[in-house]
Amino acid sequence: MGRGKIEIKRIENANSRQVTFSKRRAGLLKKAQELAILCDAEVAVIIFSNTGKLFEFSSAGMKQTLSRYNKCLDSSEDAAEESKAEKQDFKELDVLKDEFAKLQKKQVRLLGKDLTGLSLKELQQLEQQLNEGLLSVKERKEQLLVEQLEQSRVQEQRAILENETLRRQVEELRCLFPQTDRAVPSYLEYYPVEKEKSLVNHGVTSPDLVSNFAFENGDSDITLHLGLPSDVYGKRKAPEREAHSNDSGSQLAL
């Protein structure tokens, strides 16, 4: 006659509960050992009694089995999180694609294209947007022009200040080195002998030199034609004038 089916519920009798725990614990550990041997599996069993006493079995060492379990648990959690993140990324990507399509369509309409499906109200809204955009562009343009004008004024003021500084420096230099009204004498005034020697060069007389010499002495034809008195250019001694004319005549005779 077979055993009757036992109802699975908490045993109220403490002694019966302790006896049942001992028998079933031993059977469970035996089955775990058999499973590990027969199937070449890594098996670990941890049991705590109602009094807090620990019973355990591990075919490969409890620490090694627990470390392997934690790694598998972490990897499974990471995989779950990665799959969840991928799903979220795909969802955000779909949202961004929809927004991009809407913005692209809006840009095309702002360019005046693809307006066939718009109603009168939508066209009025589009016109208002274009007017607002044009107003913003004009305001920005005016702002840039004002800024450029202000920069030009600043540069102009800077140039005026620099010119004023340079003018003051020039005036200071003029005060340090005053100009004289006296004319610088020429080379022939310092060396009158060289002027006489320049008229005669080894017996050869040049008509241009003679005319220049006559102009220097106030006897040029230009003075006579203009009708100016000879004393305007200064009076010279008659003997010196005669001596120069005699020397010129003798050279011409030669």
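Reader: Which residue in S2 does alanine 44 stand opposite?
Author: In this predicted model, alanine 44 has serine 58 of S2 standing opposite.

Reader: How many bridges join S1 to S2, and which way do the two strands run?
Author: Strand S2 covers residues 54-58, and five bridges join S1 to S2, with the two strands running antiparallel.

Reader: And what sits between them, in particular which glycine is in the turn?
Author: S1 and S2 make up a hairpin with five residues between them, and the glycine in the turn is glycine 52, whose phi is positive at about 95 degrees.

Reader: Where is phenylalanine 48, and is it buried or exposed?
Author: Phenylalanine 48 belongs to strand S1, which spans residues 44-48. Its relative accessible area is 56%, and because exposed means over 50%, phenylalanine 48 counts as exposed.

Reader: Which residues make the nonpolar surface patch?
Author: The patch is made by Ile46, Phe48, Leu54 and Leu66, and its area is about 380 Å².

Reader: Changing topic, how many salt bridges does a search of the whole structure find?
Author: The search of the whole structure finds five salt bridges. One of them brings together the side chains of glutamate 42 and arginine 68, at 2.5 Å from N to O.

Reader: Where do glutamate 42 and arginine 68 lie?
Author: Glutamate 42 lies in the loop between helix H1 (14-39) and S1, while arginine 68 is in helix H2 (residues 62-110), so this pair ties together parts that are 26 residues apart in sequence. Glutamate 42 is partly exposed, at 30% relative accessibility, and arginine 68 is exposed, with a relative accessible area of 52%.

Reader: What about glutamate 164, which arginine does its side chain meet?
Author: The side chain of glutamate 164 meets that of arginine 168 in a salt bridge of 3.5 Å, N to O. Both residues are in helix H3 (residues 120-176), and because they are four residues apart they are separated by about one helical turn. Glutamate 164 is partly exposed at 28% relative accessible area, while arginine 168 is exposed at 51%.

Reader: And which partner does glutamate 171 have?
Author: The side chain of glutamate 171 meets arginine 167 in a salt bridge, at 2.5 Å from N to O. Glutamate 171 and arginine 167 are also four residues apart in helix H3, about one turn of the helix. Both are partly exposed, glutamate 171 with a relative accessible area of 38% and arginine 167 at 39% relative accessibility. Salt bridges with shared partners join Glu164, Arg167, Arg168 and Glu171 into one network.

Reader: What lies over the face of phenylalanine 55?
Author: Arginine 25 lies over that face, at 4.2 Å from the centre of the phenylalanine 55 ring.

Reader: Last one, how many helices and strands does the chain come to, and how much of it is buried?
Author: The secondary structure comes to eight helices and four strands, following the pattern α-β-β-α-α-α-α-β-β-α-α-α along the sequence. Of the 254 residues in the chain, 8% are buried.

Definitions and conventions. Residues numbered from 1 in each chain as written. Predicted model: local features only at pLDDT ≥ 70, side-chain atom pairs only at ≥ 80, totals over all residues. Heavy atoms only, no water. Lys NZ or Arg CZ within 6 Å of the ring centre and 35° of its normal. Patch = residues over 30% accessible without salt bridge, like charges linked within 9 Å, V, L, I, M, F, W, Y side chains within 5 Å. Areas by Shrake-Rupley, 256 points an atom, 1.4 Å probe, with all protein chains shown as cover. Salt bridge = Lys/Arg side-chain N within 4 Å of Asp/Glu carboxyl O. Buried < 20%, exposed > 50% of the residue type's maximum accessible area, 1.4 Å probe, protein only. Pairing = 2+ DSSP bridges.
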